[in-house]
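Here are some worked exercises for getting to know this structure. Try each task yourself, then follow the solution step by step.

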Amino acid sequence: MKITRAAVLALLAPAMALMIILYVIPLGLYFINSFRLFKDGRIIPIWTLQTYADYFTDPFSYKIIWESVRLSLIVTALALLIGYPVAYALHTRVRSAGARAVLALLLFSPLLVSVVVRTYGWFILLASQGLVNSTLRAAGLITEPLSLLFNSRGVVISLTHILLPFAIFPIYSVLGRLDLSLKEAAQDLGAGWWDTFQRITLPLTMPGVVAGTLICFTLALSAFVTPRLLGGGRVQVLPLMVYNNTVEINWPTGAVSGLTLLLLSMAAVWALNALLRKLPSV
Amino acid sequence: MSTLVQRQEIRIEVQEARAEAARNALLRTTLALGVGFILLPLVIVIAYSFSSVAYGIFPPPGLSLRWYGHLLSLASFRGAFGRSVSIALLATALALISGLLCALALVRGRFPGKELLRGFLLSPIVMPKIVLGVGWFIFFARVGMQGGIIPITLAHVIVVLPFIINILAANLVGLDVSLEEAAQDLGAGAPTVLWRIVLPQIWSGLIISGLLAFIVSFDQVESSIFLTRGENNTLPIEMFLYMEKWQDPTIAALSALLILFAAILVAAVLLVARGTDVRRMLLR
């Protein structure tokens, strides 16, 4: 369909109106608060950089930032370490296309259910008398139940589960587009399985790994429900700080925390996209 | 001599076959464990919903349906479910209409700054939801729109719009422009071309992006938590707040029903879309 300039404007108008009124303006109002000051339980409507200065000189802020980044790095690494072999096995060891499709749908299925439900599932599994502890005890591996709830362990396990589909799918889809003749050529020339994997398959699937890292890391960084429900107040990450500050009507500090969170996400997106562009595209 | 070399070759082949069998077993086990890990929390929630006791013990000492009874006696969850469905349907419809027009402009239009505009339209995906949530809280308080489902619906439109634009734009790119041009040459106006030529070709994209938008809207917690005030709680927020206070299997019973709801939703879409490429896209 040929579209004139005027028609382009008309077609863009509804979406742009929504985006400006409901996205640009709310975010603007939010970040304006970072230039306000919170004092004696109320927000003082002056323009100041005091909140930034206070936030970035407080060691507590760096503790939270580091905790957020550390947690996100751990769960991203775990999701990729589990997700890569699962994607590889699904691609190479399931012959029938129908069986592959059903397994892929099963691996994707948790995303159809609310994150609150999935977090609740781990809450039941990780309880001191839950399935994980009773299985370990029955196997004779432990005598006392491990405390897996209300600390960072439970949050790490549950977040890894939540992110796993996002690690599996980019890798699985890159594997599907892989040029099999390269693999066969390597094998014909006498390369063993490990050589072929390490020198052909792994480098060629790196775009999938990087894409998975990007999705997992940014989702982990902004995770809210899981650290809140399974962390028991002991896992303090940036989204929880933004929430707490907002509840305490300390919008200025909340805005600075939120801006920090946003900048960390954007830095990760930028760095990983730059890396992605350097990799050979499949 | 030759028999010795042959024997050596046979031995290597046997070794390789053994290694391949071991790898095969290992990778199949990995896949089974991966699927098991993914499904475990959902399966356990369903099993736990039939527990006879209120405290967290597994396996439960007995079976009962009492938590389903308790769930049905709580009007708050029923109301929240209805609100969540209404919000998800409304937000999806609004985002589909504005998103389709926008995707058409992005794919068929030629104008400067298109890539920048596309980046802007997709940027809500990477925006932390809690930041958006506080932004909407301040915005809707400022304009005096509080309570009810309208502010939450409008917020969800922004959350789901980028997914819809992305999927529909990808669908439109693959279309044959000559069909549209032929219709235009024969005198069809733009609305007719859109309705009779473009829409029938992107049905699958509309269904897939609509389904995704519905699910994403239905799952919003931190983006909407400051817009709810009790009387207008959405289902995930009602569950979240209930879980902060109580941990009895009522939530498990509700979760089991939600898992069933999601399964029916997907099965219905697969069934309705039989014979189209929706199935191929979903089961890819």
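**Exercise 1.** Find how H1(A) and helix H6 (residues 150-173) of chain B cross in this predicted model.

*Solution.* 
- Step 1: Look at the axes, which come within 10 Å of each other and cross at roughly 115°.
- Step 2: Turn to the handedness: H1(A) passes H6(B) in a left-handed crossing.
- Step 3: Pick out the residues that meet. From H1(A) come A:Ala15, A:Leu18, A:Leu22 and A:Tyr23, and from H6(B) come B:Leu154, B:Ala155, B:Val157, B:Ile158 and B:Leu161.
- Step 4: Sort this contact by class, and you get 9 nonpolar residues, with no polar and no charged ones.

**Exercise 2.** Now widen the view: how many residues of chain A are in contact with chain B, and which helix gives the largest share of the chain A side?

*Solution.* 
- Step 1: Count both sides of the contact: 69 residues of chain A touch 71 residues of chain B.
- Step 2: Search the chain A side for its largest contributor. That is helix H1 (residues 5-32) of chain A, with 16 residues.
- Step 3: Divide the chain A side by class, giving 52 nonpolar, 13 polar and 4 charged residues.

**Exercise 3.** Work out how helix H3 (residues 59-93) and helix H7 (residues 152-176), both of chain A, pack together.

*Solution.* 
- Step 1: Read the angle and the distance: the helices pack at about 45°, with their axes 6 Å apart.
- Step 2: Name the arrangement. Because of that angle, H3(A) is oblique to H7(A).
- Step 3: Check the residue classes in the contact of H3(A) with H7(A): 22 are nonpolar, 5 are polar and none is charged.

**Exercise 4.** Which domains are assigned to chain B, and how far apart do their C-alpha centres lie?

*Solution.* 
- Step 1: The assignment gives domain 1 (1-40) and domain 2 (70-282).
- Step 2: The C-alpha centres of domain 1 and domain 2 of chain B lie 46 Å apart.

**Exercise 5.** Finish with the confidence scores of the model and of chain B.

*Solution.* 
- Step 1: For the model, ipTM is 0.89 and pTM is 0.89.
- Step 2: For chain B, the mean pLDDT is 88, and 95% of its residues reach 70 or more.
- Step 3: Keep in mind that where pLDDT is low, the predicted coordinates should not be read in detail.

Conventions. Residues are numbered from 1 along each chain as its sequence is written. Chains are lettered from A and ligands numbered from 1 in the order in which they are written. This is a predicted model: local features need pLDDT of at least 70, side-chain atom pairs count only at pLDDT 80 or more; totals for chains, interfaces and linings use all residues. Axes are lines fitted to C-alpha atoms, for helices over the stretch in contact, and angles run from 0 to 180 degrees between N-to-C directions. Helices (H or I, at least four residues) and strands (E, at least two) are DSSP runs, numbered from the N terminus. Angles under 35 degrees count as roughly parallel, over 145 as roughly antiparallel, 65 to 115 as roughly perpendicular and the rest as oblique. Ala, Val, Leu, Ile, Met, Phe, Trp, Tyr, Cys and Pro count as nonpolar, Asp, Glu, Lys and Arg as charged, and the others, Gly among them, as polar. Two residues are in contact if their C-beta atoms, placed from the backbone, lie within 7 Å. Domain bounds come from an automatic or database domain assignment. A crossing is left-handed if the near helix is turned anticlockwise from the far one by less than a right angle, and right-handed if clockwise. pLDDT is the predictor's confidence in each residue, from 0 to 100.
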